Amino acid sequence: MAVLTMAKAINDGLRAAMERDPKVLVMGEDVGKLGGVFRVTDGLQKDFGEQRVLDTPLAESGIIGTAVGLAIRGFRPVCEIQFDGFVFPGYDQIVSQLAKLHFRSQGRVPVPVVVRIPFGGGIGAVEHHSESPEALFAHVAGLKVVACSNASDAYWMIQQAIESDDPVIFFEPKRRYWEKAEVDLAATPTPLHASRVVRPGSSLTLAGYGPVLKTCLEAASAAEADGHDLEVIDLRTLSPLDLGPVFDSVRRTGRLVVVAEAPSETSVASEVCARVQEECFHSLEAPVLRVTGFDTPYPPSKCEEDYLPDLDRVLDAVDRSMGW
């Protein structure tokens with residue numbers, strides 16, 4: 001058992017994958033000598049060399065395109081996109097090539113590429129540094145999309161993503177990078193594409209992923225004072241969604257609040273809500289509610305606390321649901 005920050009857990013997970021398989025490469029802007037702007041890849045170039053940990057030009061399209069070529073030749077590249085808002089110059093390569101090659105080749109050419117993206121707000125950054133673009137990738141057939149919420153999942157999920165023969169978009173909640181948690185390095189991990197109940201309850205189901213999972217747990221603790229026993233589910237995998245545990249929970253609690261930093265419309269949160277309405281309609285005691293970011297561009301850092309879902313907004317949704 002080790003106590004690690006999420007950043008260190010990802011670093012250790014990358015290191016473990018690179019030690020097991022010499023075909024695993026790490027590439028991106030400043031990932032080598034600097035160790036990444038969040039120091040997630042710190043020390044990897046020193047230990048594995050410049051041939052396996054590559055500092056690239058500032059060219060996201062080139063990073064992804066090169067990774068696709070390397071994957072075709074048998075490597076397993078792990079690309080770092082420095083900030084969420086920087087991924088869009090590489091979006092064409094991800095959508096038009098990375099997501100399509102396995103299908104285009106009728107299954108003959110796997111493309112085992114992981115694209116790591118620090119996402120979400122809460123760090124007081126400037127424009128293009130606090131986005132939540134996960135729905136743009138979850139809508140693309142051929143991509144797997146996951147989001148870790150804690151150090152233990154980060155350690156195991158990055159290794160599972162690297163082992164996958166499908167391209168994986170790996171979202172990392174940057175405002176949680178420095179939070180510590182126990183990581184059982186000898187555990188049997190939860191499968192990569194599985195959601196998980198992280199707090200059992202009976203009154204209402206709270207579902208979230210990535211940076212808001214901590215907020216959901218805080219809301220569940222706070223709601224106890226009002227006599228509400230909230231069940232919290234970490235979605236973890238955004239494409240494919242694993243909604244079985246959510247359905248089971250809602251059939252018991254009769255209520256669901258979905259929490260996410262991303263805007264509400266046509267989002268992962270809205271898909272979860274729609275699926276639960278379809279599958280659990282006769283079990284619902286109240287409308288399914290969402291607590292999300294607003295349908296606006298991400299605001300200046302002075303205003304981000306008003307934009308991000310917080311404890312008060314989640315508890316307000318809980319009260320509204322319980323009031324039905």
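Author: Happy to! Let's start with the setting: the C-alpha centres of domain 1 and domain 2 lie 26 Å apart. Their contact (heavy atoms within 4.5 Å) takes 28 residues from domain 1 and 23 residues from domain 2. Domain 1 covers residues 2–183 and domain 2 covers 196–323, with bounds that come from an automatic or database domain assignment. Between them, about 1,900 Å² is buried, 49% of it given by carbon and sulfur atoms; this area is the accessible area (1.4 Å probe) that two parts lose on being put together, summed over both.

A word on the ground rules. This is a predicted model, in which local features need pLDDT of at least 70 and side-chain atom pairs count only at pLDDT 80 or more, while totals for chains, interfaces and linings use all residues. Residues are numbered from 1 along each chain as its sequence is written, and side-chain values use heavy atoms, with hydrogens and water left out.

Now for the part I would zoom in on: helix α12, residues 311–322. Helices (H or I, at least four residues) and strands (E, at least two) are DSSP runs, numbered from the N terminus. The 12 residues of α12 reach 16 Å from first C-alpha to last, close to the 16 Å expected; that expectation is 1.5 Å times one less than the number of residues. Five residues of α12 are buried: Val-314, Leu-315, Ala-317, Val-318 and Ser-321. They sit on the same side of α12 because they cover an arc of only 155° around the axis, taken from the directions from the helix axis to the C-beta atoms. By accessibility, buried means under 20% relative accessible area, exposed over 50%, and partly exposed in between (1.4 Å probe, protein chains only).

What lies over that side? The cover of the buried residues includes strands β10 (204–208), β11 (230–234), β13 (256–263) and β14 (289–293), as well as helix α8 (213–223). Beyond its neighbours within four places in sequence, Ser-321 is in contact with Leu-204, Arg-255, Ala-286 and Leu-289.

Next, the nonpolar cores, each a set of buried Ala, Val, Leu, Ile, Met, Phe, Trp, Tyr and Cys residues joined through side-chain atoms within 4.5 Å. The largest has 85 residues, and Phe-137, Ile-169, Tyr-209, Leu-256 and Val-276 touch the most other members. At least three of its residues come from each of domain 1 and domain 2. Apart from this core lies another, of 18 residues, and Val-318 is among them, as are Leu-213, Val-257 and Val-291.

Arg-236, in the loop between β11 and β12, has a positive phi near 65° although it is a residue other than glycine, and it is buried, with a relative accessible area of 1%. Ser-239 and Pro-240 are joined by a cis peptide bond, with omega about 5°; Pro-240 lies in the loop between β12 (237–239) and α9 (244–253).

Finally, Leu-185 is found in the loop between β8 (180–183) and β9 (196–199). Leu-185 is partly exposed at 40% relative accessible area, and it touches Ala-2, Tyr-155 and Trp-156, not counting residues up to four places away in sequence.
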